[in-house]
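Student: I have a new structure open and would like to learn how to read it. Could you walk me through it?

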Amino acid sequence: MSSPVIEITNLSKSFGAIQATQDLNLTLNFGEIHALIGPNGAGKSTLIKQITGHLQPDQGEITFLGQNITQLLPANRAKLGLAQTFQVSSLIMEYSCLDNLLLVVQARSGSSFSFFTAVRDDQILLAQAHNYLQQVGLSQRHHLLASALSHGERRQLEIAMALALEPKAFLLDEPMAGMDPAGVKHLIERLKEMRLQAPILLIEHDMAAVFALADRITVLDYGRIIATGSVESIRNNEQVQTAYLGVAP
Amino acid sequence: MGNYMSEKYLNRIMIALLIVLPWLAHWLDEPYYVSLATRVAILALAGVGLNLALGLGGMISFGHAAFFGIGGYVTGILASHALNYEPIFSGFISIPGTTQMLIIWPLAMLIAAIVAVFIGLLSLRTSGVYFIMITLAFAQMIYYFSISWPAYGGEDGLPIYMRNGFPGLNTLQPIQFFMICCTLLLIVLWGVSRLQNSRFGNALQALRQNETRVASIGINPLGIKLTAFVISATITALAGSLFADLNRFVSPTMFSWHTSGQIMIFVILGGLGRLYGPLAGASLFILCEAVLGGWTEYWQFFLGLLLLGVVLFARGGLIGLLTREQKNV
């Protein structure tokens with residue numbers, strides 16, 4: 001039994017009277033897709049933000065590849081190999097697709113404290129950036145500004161940026177949100193490939209996608225875990241059915 | 001790409017004018033216009049400094065007068081000690097003043113950099129209105145300090161009896177001093193143009209647009225922003241040093257928030273984030289002052305209208321306006 005990639009122990013976070021995360025324990029293991037589901041306001045995004053470092057937990061500990069990262073800045077967590085995609089596409093809007101990726105490749109391949117050499121003259125960086133664009137099928141659109149992309153293309157650019165980090169774990173916050181059925185189908189195939197590279201913690205509302213992809217599912221409600229287990233056990237869990245899946249018992 | 005080329009073209013025209021016009025004035029024996037052009041070059045330099053923080057990095061510093069004034073006061077203080085032969089500091093070693101620009105500039109920039117690190121570390125943890133207010137507050141603190149510190153003239157300011165020297169040049173001759181200022185402006189513009197396209201500039205401009213995203217790919221925002229803020233401060237301090245030598249006088253006005261506002265006006269008039277924007281902006285400002293100021297003492301009213309027009313109708317500033325027109329032709 002190898003140790004988990006991400007291990008969360010006794011994590012708590014509250015905003016005033018609202019307990020967004022309550023004494024939560026969760027692991028992400030090598031090679032798996034671990035889906036995190038739950039109704040709106042269950043604390044899924046709050047949890048992701050605590051893992052990425054954009055929110056500080058009140059209590060508890062997060063370890064990543066055996067290292068306690070609870071106090072690290074978001075940038076340092078990313079450097080260790082945590083890649084995320086955002087619930088609402090978060091891109092450098094006035095940069096082209098290629099420049100968005102160039103920035104990621106630049107961040108991964110060394111220091112950003114170089115002041116005189118033009119980054120766009122660096123053929124190695126450019127080639128890498130093009131490569132990731134090609135992987136998500138945005139090669140033809142490389143010169144377009146991120147702000148000119150369609151919703152679906154923006155989601156794909158986000159995925160490409162996560163891939164370009166060559167991470168040790170993916171945190172994907174509703175990657176399928178707002179995508180058409182063809183796009184969802186395409187993305188499901190892509191996530192199956194990505195899991196071979198690094199495990200995925202997946203927040204998703206599209207239950208068909210979750211059931212198709214996940215090895216394990218954890219159900220959150222009011223910041224607590226109400227169930228965790230294999231796809232089958234979650235599908236048949238009565239508590240989950242009433243709380244979330246909307247099936248009458 | 002067409003837009004980019006025509007902007008390059010416009011930039012070359014501006015540089016050519018900046019160099020040719022003062023020489024013309026020099027040959028026509030009109031030193032007033034040479035010193036006017038010198039002011040343009042110096043104020044543009046101050047603007048180039050601010051533009052790095054404001055235009056590229058999105059840091060709305062309302063306190064760049066602090067660095068402009070530090071540049072000025074370092075120059076004035078060093079020169080005054082050199083002229084009355086009193087060491088600045090005497091203990092087990094004694095530090096004399098100097099009238100050498102080549103020593104004054106790096107010192108002015110170094111001291112501005114140290115102050116910028118301090119201000120930056122405290123202010124860059126905030127953003128938006130709070131950042132504006134903290135930078136303003138620091139500049140005002142230094143302003144009131146300079147007023148109430150009698151050793152260097154206090155409210156009356158500090159005269160520099162002889163313009164500081166540069167090896168091999170007669171800086172008292174307006175055209176020679178102009179060439180010093182103009183050369184420094186060109187060197188800094190070249191440096192900033194390199195910086196803009198470097199890894200650092202790439203990260204800085206991305207930060208302006210989406211800080212959370214930049215952090216999430218492993219670039220620490222604070223380090224990049226602080227570095228940009230400090231570089232920006234040193235450029236503005238260099239301009240302050242030249243400004244002191246141009247006027248042969250430094251006063252607390254250099255530290256006042258009017259000065260911060262003026263530098264910001266150059267940047268916005270010319271076009272936020274455009275490399276040559278501050279040059280266009282400072283030229284326009286000085287032109288307004290010289291032409292409109294001759295007609296009415298309320299010329300700043302018209303400057304206000306102009307600024308309003310630019311902000312409302314020409315977001316790319318003067319340069320944006322001109323290059324867009326060229327593109328349509």
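Tutor: Gladly! Let's begin with domains, whose bounds come from an automatic or database domain assignment. For chain A that assignment gives domain 1 (1-81 + 167-249) and domain 2 (91-162). Please keep in mind that this is a predicted model, where local features need pLDDT of at least 70, side-chain atom pairs count only at pLDDT 80 or more, and totals for chains, interfaces and linings use all residues. Residues are numbered from 1 along each chain as its sequence is written, chains are lettered from A and ligands numbered from 1 in the order in which they are written, and side-chain values use heavy atoms, with hydrogens and water left out.

Student: How many residues of domain 1 of chain A are in contact with domain 2 of chain A?

Tutor: Contact means heavy atoms within 4.5 Å. Twelve residues of domain 1 of chain A touch eight residues of domain 2 of chain A, while the C-alpha centres of these two domains lie 27 Å apart.

Student: What is the area buried between domain 1 of chain A and domain 2 of chain A?

Tutor: Buried area is the accessible area (1.4 Å probe) that two parts lose on being put together, summed over both. Between these two domains of chain A it is about 750 Å², with 60% given by carbon and sulfur atoms. On the side of domain 1 of chain A, A:Pro175, A:Met179 and A:Arg190 supply 44% of the area buried against domain 2 of chain A, more than any other three residues.

Student: How many salt bridges are there between domain 1 of chain A and domain 2 of chain A?

Tutor: A salt bridge is a side-chain nitrogen of Lys or Arg within 4 Å of a carboxyl oxygen of Asp or Glu. Between these two domains of chain A the count is zero.

Student: And how many salt bridges cross the interface of chain B and chain A?

Tutor: There the rule finds two. In one salt bridge the side chains of A:Glu158 and B:Arg213 meet at 3.3 Å, N to O. The whole interface brings 29 residues of chain B into contact with 36 residues of chain A, and the area buried between the chains is about 2700 Å², of which carbon and sulfur atoms give 57%.

Student: Is helix α1 of chain A largely enclosed or largely open?

Tutor: Helices (H or I, at least four residues) and strands (E, at least two) are DSSP runs, numbered from the N terminus. Buried means under 20% relative accessible area, exposed over 50%, and partly exposed in between (1.4 Å probe, protein chains only). Helix α1 (residues 44-52) of chain A is largely enclosed by the rest of the structure, because seven of its nine residues are buried. Among them are A:Leu47, A:Ile48 and A:Ile51. Just after α1(A), A:Gly53 has a positive phi of about 95°.

Student: Where is B:Ala53 placed?

Tutor: B:Ala53 is in helix α2 (residues 31-56) of chain B, and B:Ala53 counts as buried because its relative accessibility is 0%. Leaving out residues up to four places away in sequence, B:Ala53 touches B:Gly58, B:Met59 and B:Ser232.

Student: Lastly, how many disulfides are there over all chains?

Tutor: A disulfide is a covalent bond between the sulfur atoms of two cysteines. The rule asks for a pair of cysteine sulfur atoms within 2.5 Å, and the count over all chains is zero.
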